[in-house]
Amino acid sequence: MAAAAAASQCIFCQIASKSTSTTLLHTDDKVVAFQDIRPAAVRHYLVIPVDHIPTVKDLQRRPEDYSLVNHMLEVGKTLIQRDAPQCHQYRFGFHQPPCNSVNHLHLHCFALPYTPRWKCMKYIAMGPFGFLEAEKLLGKIKPLPQVISKV
C-alpha cells in the first residue's frame, strides 16, 4: 500500500503513465525517455522504467533486472546517437543514494561536452555514492551462470 502511494506521487511515474505534458522521446512497454529539465550537456536525456523502482540499490542479480537496465542503456544510446551524431563522447549512468534527486530509477544519457563545464561535478563516481556508469551497474547485476549438477 505504501509503495503504491509513493508511486502515485512520484513525478517519474506520472511521466511514465503519460499524466503530464512531458514530451516523450521514446516509449515502449518497459521504459520511457525524455529530456532532462536541467540539461547538463549538449543532449541530456533520462530513460526510466515504466514500473516504479526506487534506486539502483533495489536492483539484484536477476535476469529481469539485468534485461531492464540493458534495455534502458540501448534506448539511451540510440536516442543520443540519433540526436547528436556530431558528438564523439557519450556518457550513460545512474546516481546512487543519497545523491539521487528523484527516487525512481533513471538513466542519465549525455552527448558531451557538459554545458557549462562545471556541471560535470554532479556526475563524478565516488565509490558507493555518486554517479555509477551504466556498464558498471550491468556488471554488478549480471546474473551468475547456473551450475547444473549431474546426479
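Analyst: Happy to; here are the labels with their cut-offs. This is a predicted model, where local features need pLDDT of at least 70, side-chain atom pairs count only at pLDDT 80 or more, and totals for chains, interfaces and linings use all residues. Residues are numbered from 1 along each chain as its sequence is written, and side-chain values use heavy atoms, with hydrogens and water left out.

User: Why are Phe12 and Phe34 called an edge-to-face aromatic pair?

Analyst: Rings of Phe, Tyr and Trp (its six-membered ring) pair if their centres lie within 6.5 Å; planes under 30 degrees apart are stacked, over 60 edge-to-face, the rest tilted. Phe12 and Phe34 have centres 5.6 Å apart and planes at 70°, so the pair is edge-to-face. By this rule the count comes to six aromatic pairs, and Phe110, Tyr114, Tyr123 and Phe131 form one aromatic cluster.

User: What makes Phe12 count as buried?

Analyst: Buried means under 20% relative accessible area, exposed over 50%, partly exposed in between (1.4 Å probe, protein chains only). Phe12 has 7% relative accessibility, so Phe12 is buried.

User: Which residues line the largest cavity, and how do they divide into nonpolar, polar and charged?

Analyst: A cavity is a set of points on a 1 Å grid over the protein atoms alone where a 1.4 Å probe fits but cannot get out; lining residues have an atom within 4 Å of a point. Pro54, Phe94 and His95 are among the lining residues. The lining divides into five nonpolar, five polar and no charged residues, with Pro and Phe counted as nonpolar and Asp, Glu, Lys and Arg as charged.

Conventions. On a 1 Å grid over the protein atoms alone, a cavity is a set of points where a 1.4 Å probe fits but cannot get out, and a pocket is an open set with protein on both sides within 12 Å along at least five of seven lines; lining residues have an atom within 4 Å of a point.
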